[in-house]
Amino acid sequence: MIIAESLRKDNVCEYLLYMWQMEDLLRSCNLDERQVERVIVRRLPQEVRDAERGWLRNLMGMMKEEGCQEKGHAQVNQGVLSLLEDLHHDLLKGERHADYRAAYYRALPDIVFLRAHGNMDKGEVEVCLEALYGIMLLRLQKKPVARETERAIKLIAELMRQLSVAYKEEKEGV
């Protein structure tokens, strides 16, 4: 909860990646409170355990209620993703976001490639975030990442960084 709240304010794309990671972590515990307690909560500082326990319990409840125990994302995360997709399209249309459009066009060939390989029904932001999440998982597993993939990920990461900045500015009324 503490990390999620901070990320949501500072970098909404990192927030979604964190939330997806938490969903997967909860799935690895079979959405079982006892396993979550043992695997996650007990490793936290004592002073935040109660708040985090409640937050994790709520997230598990949402996942169960919304039928995403095995895959997919809780509606709370889908809502944020939808806002980002809308903002992405607005930034591409707007006159004052030339840097964003330039980052987008640099990443576009890679986005098109990813969408053509099984992601045609997903929005561009979701495809980008899934690519970043996939790389994060590969790195956690200490698996090699091809040079061309690293190049593509850098472009996608920059686009998502700019999207997060624009989201934060919009929320702050800048």
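Predicted model: local features only at pLDDT ≥ 70, side-chain atom pairs only at ≥ 80, totals over all residues.
Me: Where is N77 found, and what does N77 touch?
Reply: N77 is found in helix α5. Not counting residues up to four places away in sequence, N77 touches Y15, L16, M19, W20 and E23.

Me: What makes the pairing of the N77 and E23 side chains a polar contact?
Reply: The distance is 2.8 Å. The cut-off is a pair of N or O atoms within 3.5 Å, where one must be able to donate a hydrogen and the other to accept it. The N77 and E23 side chains are listed as joined by such a contact.

Me: How do you know that the span of α5 agrees with its number of residues?
Reply: Helix α5 covers residues 75-93, which is 19 residues.

Me: Which residues of α5 are buried, and what covers them?
Reply: The buried residues are N77, V80, L81, L84, E85, L87, H88, L91 and L92. Their cover includes α1 (2-10), α2 (12-28), α6 (98-116), α7 (124-140) and α8 (147-172).

Me: Which residues of the largest nonpolar core touch the most other members?
Reply: This core has 49 residues, and those touching the most other members are L26, L84, L129, L159, M160 and L163. Two or more residues come from each of α1, α2, α4 (49-65), α5, α6, α7 and α8. Helix α2 gives the largest share, 10 residues.

Me: What is M160 in contact with, leaving aside neighbours within four places in sequence?
Reply: M160 is in contact with C13, V125, C128, L129 and L132.

Me: How many disulfides does the structure hold, and how far is the nearest cysteine sulfur from C13?
Reply: The structure holds zero disulfides. For C13, the nearest cysteine sulfur is that of C128, 8.8 Å away. A disulfide needs sulfur atoms within 2.5 Å, so C13 is in none. For C68, the nearest is that of C29, 15 Å away. By that cut-off, C68 is in no disulfide either.

Me: Why are C13 and C68 called buried?
Reply: C13 has a relative accessible area of 3%. C68 has 3%. Buried means under 20%, so both qualify.

Me: Why is E169 called partly exposed?
Reply: E169, in helix α8, has a relative accessible area of 31%. Buried is under 20% and exposed is over 50%, so 31% falls in between.

Methods:
Residues numbered from 1 in each chain as written. Heavy atoms only, no water. Helix = DSSP H or I, 4+ residues; strand = E, 2+ residues; numbered from the N terminus. Expected span 1.5 Å × (residues − 1). Buried < 20%, exposed > 50% of the residue type's maximum accessible area, 1.4 Å probe, protein only. Contact = heavy atoms within 4.5 Å. Core = buried A, V, L, I, M, F, W, Y, C linked by side-chain atoms within 4.5 Å.
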